[in-house]
Amino acid sequence: MLARHLLDIRLNHAQQKATVHAEQVSEALHELVEEGRLPEEALDQLRVEIDWLQYKQNFREPVVISPIYDAPPADSNGNGLRLKLPAEMRIDVRRIEPPTIKQEVQRGLLRKEQSETTSENYRIPLEEYRPFRKSIAWDFNALYWRFFTQWENWTGKGYEKALPGGISDAHHPLAVADSVADFWTLLKDLDTRKQLPPEIFFLEIGVGTGTRAGMWLNAFRELDAKRGTQYYPRLRVLLGDYSLATLDSSLPAVREHGALCSFLVLDALHPLKTLSFLKEKIMHIHTTNVYDNLPDQEFVRYQGRLYSVETRAYVPLGDVRRIGAASGVPVERFRKIVEQVADSGPDYFAGHARGMTFWQQTWNAMMLEDRIVAVDSLKESPFPDGLDEKLLLDIIANVKGDVRFHVSSGALESFMKTLPLLHPRGYFQVQDIFVRDFGDYRRAFRGPGKMDGSIVNWVNGALLKGVAERSGYNVHFTPFHYRKGATTSVLYATRKIEGK
Ligand SMILES: C[S@@+](CC[C@H](N)C(=O)[O-])C[C@H]1O[C@@H](n2cnc3c(N)ncnc32)[C@H](O)[C@@H]1O
């Protein structure tokens, strides 16, 4: 009879609906050892994380096992056949019932021990391991925005329909009215002090349908007329997005204000590159639901040591065969064709229907596997621009215990390369789903999830605040109180005023 081990199990959710609990996971793992399917040392070397994935479409199988390396593995694919210990085992209890725990854990354990010809669990990798921000999954995300009208026509469903409540929080009339009133108040104050510039720049990044910009401009024109201030004609409105299709589709929403608007192809990761001539000149910058859609990556701090989570996108062999049969792609050419489609879009295929089928089915089947590697052992820095190990460790110095968290690399880069555009009295407003405290990563799943053809990730607001405050900006958050149950909040950033 096997002596009981005290397992390292962490509960990362508070979902009442979950039927699988820590004791059942422990029981299942002990039984697997007794049955000879799991080595006994695994009971001491597995860190078990119990999650509840609220995104029905996501990149994870119900049980994911990620080896932890203190030095990078000799095999660059890290694709050994045996269970490598120590390892992290993440279990999504939304998709597991008590009777299936053992079976799912076993699936997670065995998937690589099968050969390509015998197992549908075998995985066709789409890339080498790398920080998630560099994954091909982000090329698919960009592809979605490039061709989103084709996606919507194909599915018959607009992207807003996938959002909670079926409408973007960007378009809430009261939120827009309040934003207009705040902006008008700032302009009036500057005007009174004789500091209002003749041209008043306003930038929106990631305009989507242009609906918010249209509503905002209507409301601003009305308020300005009512108060007789004549600020409206002085507005210079810059609508930025990296997708030409999006910019085109936003035109009708702001048509009435056409004389004030400029449409810019702009990468949210580097607004300063496109707009350096407006450094310190933009009075108000706004972005909604864009930061949660920018490249992201994860880190773990175990017992004080920092690890980078490297991911690899793959498609299970069973899906590769199914998609291949529907679109005429043999298994051995699958990876190459996925790369081509990510680059050139669905029209890579001669027939539109074939291209759309391949794109959508590949995206739906795309999964991620992880390996966790000590940062101090890596030759190449895993950090995005604007961050290094020292700064990150400083920001998380007060976070207690082990923690796995997102670094929201794209959001951080974007934020730090947008702030210098702000006029000294201007403000930057980011409306999104933020994690405001690192401890929140232990309380709920924060992504990535799939939203139609795009990716959604909560934004590490605590990190953005930590970095920006060390660079001379004030950052605070307010809850988005306009929709009941909304998880959205609004980040405000302004320059610190010398001497205050
Ligand atoms: C989820 S939509 C949000 C649209 C709108 N703001 C709303 O809330 O309804 C994301 C928008 O950001 C744009 N986007 C995503 N990544 C971008 C990037 N790196 N640079 C510029 N625009 C980007 C997309 O093209 C799309 O218009």
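Trainee: Leaving aside neighbours within four places in sequence, which residues is Phe405 in contact with?

Mentor: This is a predicted model, and the contacts are read from it. Phe405 is in contact with Gln297, Glu298, Phe299, Arg301 and Leu306, and also with Leu392, Ile396, Phe438, Tyr441 and Asn460.

Trainee: Which core does Phe405 belong to, and how many residues has that core?

Mentor: The general idea is that nonpolar side chains in soluble globular proteins tend to be buried together. Here, Phe405 belongs to the largest nonpolar core, which has 57 residues. Along with Leu392 and Phe415, Phe405 is among the residues with the most contacts inside that core. Helix H15, residues 461-469, gives the most to this core, with 5 residues. Another core, of 34 residues, lies apart from it; Ile124, Phe132, Trp145 and Met356 are among its members.

Trainee: How many cavities of 30 Å³ or more does the structure hold?

Mentor: The structure holds 1 such cavity, and the volume of the largest cavity is about 420 Å³. Its lining has 33 residues, with Arg60, Arg90, Glu298, Arg404 and Phe445 nearest the centre. Glu298 is also one of the contacts of Phe405.

Trainee: Which elements give two or more residues to the lining of the largest cavity?

Mentor: They are strands E2 (46-51), E4 (87-92), E11 (298-302), E12 (305-316), E13 (367-374) and E14 (403-406). By class, the lining of the largest cavity divides into 13 nonpolar, 5 polar and 15 charged residues.

Trainee: Turning to pockets, what volume has the second largest pocket?

Mentor: The second largest pocket has a volume of about 390 Å³. Among its 17 lining residues, Tyr129, Glu310, Arg371, Leu378 and Glu380 are the closest to its centre. The lining of this pocket comprises 8 charged, 6 nonpolar and 3 polar residues.

Trainee: With which side chain does the side chain of Gln429 make a polar contact?

Mentor: The partner is the side chain of Tyr492, at 3.3 Å.

Trainee: Which residues does Gln429 touch, not counting those up to four places away in sequence?

Mentor: Besides Tyr492, Gln429 touches Val490 and Leu491. The run from His284 through Ile285 and His286 to Thr287 is touched as well. Ser179 and Arg212 complete the list of residues that Gln429 touches.

Technical notes: Residues are numbered from 1 along each chain as its sequence is written. This is a predicted model: local features need pLDDT of at least 70, side-chain atom pairs count only at pLDDT 80 or more; totals for chains, interfaces and linings use all residues. Side-chain values use heavy atoms; hydrogens and water are left out. On a 1 Å grid over the protein atoms alone, a cavity is a set of points where a 1.4 Å probe fits but cannot get out, and a pocket is an open set with protein on both sides within 12 Å along at least five of seven lines; lining residues have an atom within 4 Å of a point. Grid points are joined across faces, edges and corners, and a volume is the space filled by probe spheres set on the points. Ala, Val, Leu, Ile, Met, Phe, Trp, Tyr, Cys and Pro count as nonpolar, Asp, Glu, Lys and Arg as charged, and the others, Gly among them, as polar. A nonpolar core is a set of buried Ala, Val, Leu, Ile, Met, Phe, Trp, Tyr and Cys residues joined through side-chain atoms within 4.5 Å. Buried means under 20% relative accessible area, exposed over 50%, partly exposed in between (1.4 Å probe, protein chains only). Helices (H or I, at least four residues) and strands (E, at least two) are DSSP runs, numbered from the N terminus. Contact means heavy atoms within 4.5 Å. A polar contact is a pair of N or O atoms within 3.5 Å; within protein, one must be able to donate a hydrogen and the other to accept it, and residues adjacent in sequence count only if both atoms are side-chain atoms.
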